[in-house]
Amino acid sequence: MKEGKEGKSPNIILFLADDMGFSDIGCYGSEIPTPNIDAMAACGLRYSQMYNNARCCPSRASLLTGLYPHQAGVGHMTGNIGIPQYQGYLNENCLTLAEGLKRCGYHTAMAGKWHVGGEYGHRKSAWEAAGQEGYPTPMQRGFERFYGTLEGAGNYYNPVTLMEDGKWVTLRPEDNFYYTEKIAEKSCEYIDSFSEDTGPYFLYVAFNAPHWPLHARQEDIRDREGSYLEGWDEIRKRRYRRQVEMGLVKDIWEISPRDGAAPDWNSVEDKGWEDIKMAVYAAQVMEMDRAIGRIMEEVRLHGEEDNTVFLFLSDNGACAEVLPEDGWVMNFADRETLDGRPVAIGNGARVRPGGEDTYISYGLPWANASNTPFRLFKHWIHEGGISTPFVVQWKNGIRDAGVLRHTPVHFIDIFPTLLQLAGGTYPGENEGKPLIALQGESLVESFTVRDGEQEWERKAPIFWEHEGNCGVRLGRYKLVRKYPGPYELYDMEEDRTELHDISGEEKETARKLKALFYDWMQRTRVKDWDEVLDYMK
């Protein structure tokens, strides 16, 4: 065991979950065992109103650059539609966290899902573009080491676009590969290597879990199987009660009604099928938590836990997508396992999920439970789509452990926070190219506020746009639109579950927020979604 290195800037480890709902970990109300993340919260901070961008790659673009996704070039997904704001890969007018922290003397490494470097799909012929113009890899954007996938989804036993340090990785059946476990293994290798040096390091751990497909180790599935036979209605009620008891949710906020597309549990015929789907999803969350515990233990072994900042978030709300048996899902799904067995693709297969020979999602009703107490899902700007757990542990820097922070914050605030911790400043240009200024605000001051003192508050509005779904949050008010519907206005202090639209009563507030939003669209060059669709034809 090594002694901590006195006087150096803190190490930084950023954990990102994929498609995980607001209530899916224990310290945010879940029944799923997540002891390692819960321990982080117990000796750190939980934020009740951290926001992402409602979709995988736009959220990752903001997290990595401190910009709104359109400013970084990832205004929609990773396909290039011929507009700079929607080119599908990080542009040259931004720095990544790795590039910014490297300037401060940090070692940098990434393990996991990239998804901000162009579109690959399942065709290996398209993989030849990796590293070329329009297809930057992590190692071209500031990371010294990288093990992970470039594409946005894939088999946990044989992921699409798996790469290590610029070279493709080919797996064999005997490898007994499971992506979440491998991410932890590689992360520990990087920590061990970087701890030999006297300088700090930044490690970005971007899990694929618990994104579909439902793939988990059988022993973990068996641990959860049978836990969900009471159904999504009861799970939502229990999670809501825990959230209220924890202080994450106000009891004056009514739990949103069960989504209209989800049936009453009593009317579900095959309850066992629904139970096993949620059991596999829960197993994926457990396995991610175990991987986080393994990584944190490696830091402890090197005597550096106290001077390491750990952060945990999810890239969007839970995903309600049902996988078809063909079509778009074939961009990600293998037709055969590594040992040649056929894969049952799509939710219609009705086979027991979890193994490599299946490719299934858990569906809308369980996603509705994952997003308790909010409504809607990934894709949308209502709270179910954009609300993420946010846990921070830093024993050397957080003054009061186990405290909640309620001020609204956003992924764009992570970059200025970490840059301040590293003692760095953001430059005006990089290699002769002008950089767009960071859009967020540092959260460091919120780390040191004592429990019971006046809480630190973020000053600027927060904006969103994804596929025409859009919104703005300023103070207690949120204006939001589900495309192509009308704008709705909510008082988030009285009604964060967005059940009582007050746009008709507070017309001046709605007008003001709408003006702020359209001004932001102009400044960030966000296109009207109908115009984007025309480009995509």
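1. The model is predicted: local features need pLDDT of at least 70, side-chain atom pairs count only at pLDDT 80 or more, and totals for chains, interfaces and linings use all residues. Residues are numbered from 1 along each chain as its sequence is written, and side-chain values use heavy atoms, with hydrogens and water left out.

2. The protein chain holds 14 helices and 19 strands (DSSP runs numbered from the N terminus: H or I of at least four residues for helices, E of at least two for strands). Its C-alpha trace spans about 65 × 60 × 50 Å along the principal axes.

3. Now look at helix α5 (residues 179-194) and helix α8 (residues 271-301), whose axes come within 9 Å and cross at roughly 10°. Axes here are lines fitted to C-alpha atoms over the stretch in contact, with angles from 0 to 180 degrees between N-to-C directions. That makes α5 roughly parallel to α8 (angles under 35 degrees count as such).

4. Which residues of α5 meet α8? Among them are Thr180, Ala184, Cys188 and Ile191, while the α8 side includes Met288, Ala291 and Ile295; contact means heavy atoms within 4.5 Å.

5. As for the lining of the largest pocket, its residues divide into ten nonpolar, six polar and eight charged (a pocket is an open set of points on a 1 Å grid, where a 1.4 Å probe fits, with protein on both sides within 12 Å along at least five of seven lines; lining residues have an atom within 4 Å of a point).

Methods. Angles under 35 degrees count as roughly parallel, over 145 as roughly antiparallel, 65 to 115 as roughly perpendicular and the rest as oblique. Ala, Val, Leu, Ile, Met, Phe, Trp, Tyr, Cys and Pro count as nonpolar, Asp, Glu, Lys and Arg as charged, and the others, Gly among them, as polar.
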